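Please keep the sequence and the 3D view at hand while working through the numbered points.

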Amino acid sequence: MHVESKLREPLITGGKNLHDISRDVSRRVEEKPSLSWFAALSVSLLMLSVGGYAVYRTLWDGIGMWGLNKTIGWAWDITNFVWWVGIGHAGTLISAILLLFRQRWRMSINRAAEAMTIFAVICAAMFPMLHMGRLWVGFFWALPLPNTYGSLWVNFASPLLWDVFAISTYFSVSLVFWYIGLIPDFATIRDRAKLSGKKVSAYIYGVLSLGWDGAAKTWSRYETVALVLAALATPLVLSVHSIVSMDFATSVIPGWHTTIFPPYFVAGAIFSGFAMVLTLLIITRKVYKLEDYITIRHLELMNIIIIVTGSIVGIAYITELFMAWYSGVEYEQYAFYNRVTGPYWWAYASMMTCNVISPQLFWFKRIRTNIAATFIISIIVNIGMWFERFVIIVTSLHRDYLPSSWAMFYPTFYDVGMYLFSFGFFFTAYLLFSKYFPVINMHEMKSILKPTGDKIKTK
Amino acid sequence: MSLKKKTYWKGIEELKNDTDFIKKSQNEFPEYLPIKGSMENSRRDFLKMMGFGIAAASVAACEAPVRKAIPYVNKPVEIDPSIPNYYASSYSMGSDYCSVVVKTREGRPIKIEGNTLSTVSGGGTTAQVESSILTLYDKERLKGPLLDGKETDWKNIDDYVLGKLEKIKSSGKKVYVLSNSISSPSSQNIIDDFIYNYNGTHVEYDQLSYHGMLEANNSSFGIRKLPFYDFSKAKIIVSFGYDFLGSSFNNNLFNKQFAESRRVNRNQKKMSRLYSFESNLTITGANADHRIPIKSLESPIYITKLYNVLADKIGKTKINIDKFSDAIDNDVINNVASDLLKNAGKSIVISGSNDKYVQIVVNMINDLLDNFGITIDFNKAYNIRKGNDSKMNSFLSDLSNKNVGSVLFLNCNPLYDNYLAPKIKIGIESVDMKISTSDRLDETSILCDVIIPNSHFLESWNDFEPIENHYSFSQPTIGKLFNTRQYQETLLLWSGFKNTYYDYLQDAWKKVYEKTQTNKSFQSFWDRLLHDGVFELNNESKEINYKSSTSFSELTSWVNALKNSSKFELSTYQNLSVADGIQSNNPWLQEMPDPISKVCWDNYISVNPKDAEKLNVETGDMTTQVLSFNINDSNYKLPVVIQPGQAQGTFGVALGYGRKFSGPVGDDVGVNAYLMLNSNSKYQNLTVDGIELTNINESYRIAQTQTHHTIMGRESIIQETSLSEYIKDENSGKYEFKVATSKGLKKPEAITLWKGHEYPNHHWVMSIDLNSCTGCGACTVACQVENNVPVVGKEEVLNRREMAWIRIDRYYSSDVDVHDFKGLENASENPDVTFQPMMCQHCNNAPCETVCPVAATTHSTEGLNQMVYNRCIGTRYCANNCPYKVRRFNWFKYHDNKQFDKNSSMNNDLGKMVLNPDVTVRSRGVMEKCSFCVQRIQAGKLQAKKEKRRPIDGEINVACASACPSQALVFGDIKDKESKIYKLLKIEGSDKTTLNVGEERAYNVLQEIRVSPNVWYLRKVRNKKAV
């Protein structure tokens, strides 16, 4: 039995009991969708369809619809890809690494964070797909499938191929992990539906819960599987973004060719992932009135992670500048000189302000426990992280070795449209999730109610 | 009416109760089924047949739509499918000429190469020559003769013309034949016969007039011709505003000769020195060792001053130019004069002026320097430029006197490209019959009653005599595509000859044959002529003496009439892409960037940076502003390009743009600068004086393929040295990068992690001599033709998506310190210029190969970096990772796409005939790049294999190298120790990771990143005069 010091702040407030948890969480699944939910869904679907037009034109007419050119072969596409993959890091980190570290506070946020991870990874995977000139063949040629071309095989030396493996592995493990965690809660909803005589939902959630019976043996197996998956997922959290960073690190382009990238990218990913979790949960807890489960303390703990990772990222930025100077390589020096003072200085400045300066405000307890401030900074961090990837990709490419090829990149409507499409998908998926799936892990919350609930603590 | 149940009969048979029918009607299938055998066929058989039938029908329905293709019934002996035939011929457009070899596949010409046997054009080509193949397949060409704008047949039109001509002859009015310079002796004879018959006059003009030079030569030598210049023999070349490497009459050969005079290696450390005095930065100026920006108006003063300095030293009479003693930089002239005197007899002084007096003074200078007979030879005078501005003026006065009955425009378009165009336009209204032989409805032919479209030169027979006794032939390489007739046939007919031009040509050549006094039959002589394409008669050296025929007082009064102006001076010029504008409708030329400014799809005003500042010109990335100026009450608005090196107080505008009737590609591209020239002048003057430029603050998007102009202090891109340093040390100017390791500094190749490749059989390598490359750009078009490279149009060039596989990077020098990154972006005011052809470097450790996820780009066993279009999925990772940025992505579908109709070689059936069948037309979404013309390598290897031998050096050559007039590009197999490339690079051996190149000047661009390219550049050597 887990025993916790009384000095620690309670993780569940409001004097909840076990039934309250089931009721508070399941109620959202059971009730009729609210008007505001419909409004939000409509906006998301609108984004999806406007973005869908951009996707359609890109597929029909060609990548030329975007603003790319002979010098800059990647811009918004891969920026968005890396950005979404980064966001997709928080969920698994929370549920796997924090599980292994026995961080109980993760329990109220891991469900939503994992859902976000899965949606973000899907959004991320869209971009490498859609950025291909010939999606219709690339779709399966990028996979090492047996074929009729003789010895023709994929190129295992290519970081893009590593991406394919990294992303697909990460996605499958995350999905399984998330779903396994959902099973007991689906069973709870199924049972509640049965009791209240809702046959359809009882059937659907019955199917989804895979016949969960709540027996001690089932629980025991469940716990084992969760632990095994957590162990499997942990290295993935670190590997995925390391591999994504190798798209750049293994190249010869000044500004890309740096060994610092893997750790720097992982830190950045966690940084942006937590920021996105914060953005979503601050809204979710407010709308669903889950303040007693996702408390200020939860937010504060996540803010602390943001300070840590944000500072790591800041140090990485400065290290890059130092290394450029110290290396004595003129191309490297120019690449960073140009990053800071060149035509894209504003992107670099936005990145520095959003990623390095803004999270430092969380050193102040008043700010890191202030919901509005947290919400704003979480968004700023994600804007900054988008710029980070844009800066790395575009400012490195636009002025590389031969000045004769130097160029500028200007996005078109279709670049923005693709990004909008991913947002449309992400929000639609998240809205459907938050309506039809339990947004908080009920059974895990119940397991910590006793040691960390405020009832016990205040006794 | 009873409610009896209605009966429906199955047929007449049932109604008639036919017994046979009733018997059969019991069966399930009463009719006899046409299945083999008898009625015993089972239902299974029926189902089988039906199943097969449906399957067969649906399979048949899936077949691709039927395209019309007509096979040979009897295969012509000389045509083997997929085996090209080559025919020697001659390019001729406007006044231009080039001896060529035409490659045909299955009977259609697809590529033009230089004829290496020709001593006139030197074996290279120009961008216009390369492009002319697409002009053959231009769908704007007329499909047949037109009479009063209506289609008609030959008989009708000939009757009409002959009838009219007789009437005009009897009325006593004149008949004029207008043409560009005719260098074909047989055509000239035919024209002479025609004008003899009809009391006519033949007037020749050139787009860039050489009238002044011709007249000066006439007065100095009694020969109204251009002499043979031999730049390869010259040690000192001084050019006053004459772009002999660019827009000159035989730039092909001049490039070759100039490059020869500048080829250096450890055994030959000599090279020529070029001084260029000019207002616009031309490629001649860009290749000059000393470039002195001056106003064109000041050029005569400089020339006269140079004469005076030389005359002073030699002790001859001077011309009095005291009036301008302050106007010019005397030090420069003294320097030039001392250089010239040291190299008397080994120098050339040349001027582009069309003023007779300027050219007389130039002749006087060359005479002082004893250059005649050595570097400038009248024994081999050119026939390529003969235009006579005085005759044009007398034509004009005949027009205004309404004394002209008929004008025949022979393949010329004076209403567009003559400086008198506005006046001719008014004048010809009164002409009874206007005939044009233009191949399209152009500015001139649209006003003509009779249009007899001339056949393209690739469809015609012809002979040429570009230089006296140097002959060349043109033979058809394809049957006439349309109902056209070459003008020689027309004139023969109208002059009453019965035979064809071919017969006429042969008859004429029988006379030459007799002169040769060979034992061979005429037929074998004739066959040889057509095979070689060129023929030279031994020149009898005539004594041609310089005689001073102009008095000094005449010259003095001419000099003193010269004026200086404080306002802007406009210098018009021809660039190297659209040039005279004849082939305006050719998208390859329109998209070829100007070698200096890198602008395409436009002409523009070029101004000095300081003048731009005064005019408050604001430029951005691909944007500029529009300047406006007035000439003779006409207002012109053009975008401005800030041009380092442009003489202050001058601005340049290219001729050849602003066509109104050339076709959808060329129409309304830019502004017609021919109209800016002074039509009141007695001769064409490319300079217009006293212009006020105003900035109308209108922004304009200008398409440039290069927008950064300096190397940013990166010595590993461009290496250069000076001749004096090079003489001391062949390694001077070498940039050697060393990597710091724990064991001290090491060469990058010494610590490589790459395992290297083994090349067991061939190893293809290219070398590019930066000292020979003049930047003319012929290679870029040659590559476009050979490799089916699409044209993308202005909008896509603005998006920086041009598809060129080979480009020429042009870099300006910069004055600032290498650590001043901001300052390095700006070029010097009068920069040194370097051209660097850049294409796929075929790296041995190629960064593109490792990153492709599907292995669509791979390394061959012969050192080639190969691109497999079929496998490419278009991630563009390879292009991002290419340090040279030479990979090109198919952003859109460029073929069969209305959006890219300017890409006429891929968007209409006629244009598609130019495509090289050995090279795939790439689909949308795949990457492409230079392949080292792998199709040519493959063809050469196959040929050698069939003959059981190794390929011979020179047999396999890439398109760019074979086009290069200055032979700056050399391609070959370094496994062949006898090859030119092996010797040029002085290969000292190789192992798997390193090629030991002994040539001191050789270097790899970006050597420090150790991608180990197979393209080697030879360091540029400048021959600046020591101060």
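This is a predicted model: local features need pLDDT of at least 70, side-chain atom pairs count only at pLDDT 80 or more; totals for chains, interfaces and linings use all residues.

1. Leu408(B) stands opposite Ile435(B), a residue of strand β15(B). The strands concerned are β14(B) and β15 (residues 433–436) of chain B, which run parallel and are joined by four bridges.

2. Strand β14(B) also pairs with strand β6 (residues 174–179) of chain B, in the parallel sense and over six bridges. One position can be located in the view: Lys174(B) has Val404(B) in β14(B) as its bridge partner.

3. Is strand β14 (residues 404–410) of chain B mostly covered or mostly uncovered? The strand is mostly covered, since seven of its seven residues are buried.

4. Tyr205(B) counts as buried because 26 C-beta neighbours lie inside 10 Å, and the cut-off for a buried residue is 20 or more.

5. Which residues does Tyr205(B) contact, leaving aside its neighbours within four places in sequence? They are Asn180(B), Gly387(B), Met392(B), Pro414(B) and Asn418(B). Cys412(B) is 207 residues from Tyr205(B) in sequence, yet the two C-alpha atoms are 9.1 Å apart in space.

6. Three strands form an open sheet in the order β1-β2-β3 (chain B), with antiparallel pairing. Strands β1 (85–93) and β3 (108–114) of chain B stand at the edges; each has a single partner strand, so one side of each is left without a neighbour in the sheet. From one strand to the next, the twist averages 40°.

7. Within this sheet, strand β2 (residues 96–105) of chain B pairs with β3(B) over six bridges in the antiparallel sense. Thr104(B) stands opposite Pro109(B) in β3(B).

8. In total, 44 residues of chain B are in contact with 40 residues of chain A. On the side of chain B that touches chain A, the elements giving two or more residues are α26 (847–851), α27 (877–880) and β35 (888–889) of chain B. The residues of that side divide into 22 nonpolar, 12 polar and 10 charged.

9. Not counting residues up to four places away in sequence, Gly138(A) touches Met132(A), Ile873(B) and Gly874(B). Gly138(A) is buried, with 21 other C-beta atoms within 10 Å.

10. Finally, chain A contains a crossing of two helices. The axes of α3 (residues 76–87) and α10 (residues 261–287) of chain A come within 7 Å and cross at roughly 70°; the two helices are therefore roughly perpendicular to each other. Trp83(A), Val85(A), Gly86(A) and Ile87(A) in α3(A) meet Gly268(A), Ala269(A), Ser272(A), Gly273(A) and Met276(A) in α10(A). The residues of this contact comprise five nonpolar, four polar and no charged.

Notes. Residues are numbered from 1 along each chain as its sequence is written. Chains are lettered from A and ligands numbered from 1 in the order in which they are written. Axes are lines fitted to C-alpha atoms, for helices over the stretch in contact, and angles run from 0 to 180 degrees between N-to-C directions. Angles under 35 degrees count as roughly parallel, over 145 as roughly antiparallel, 65 to 115 as roughly perpendicular and the rest as oblique. Two residues are in contact if their C-beta atoms, placed from the backbone, lie within 7 Å. Ala, Val, Leu, Ile, Met, Phe, Trp, Tyr, Cys and Pro count as nonpolar, Asp, Glu, Lys and Arg as charged, and the others, Gly among them, as polar. A residue is buried if 20 or more other C-beta atoms lie within 10 Å of its own, exposed if 12 or fewer, and partly exposed in between; C-beta atoms are placed from the backbone. Two strands pair if DSSP finds at least two bridges between them.
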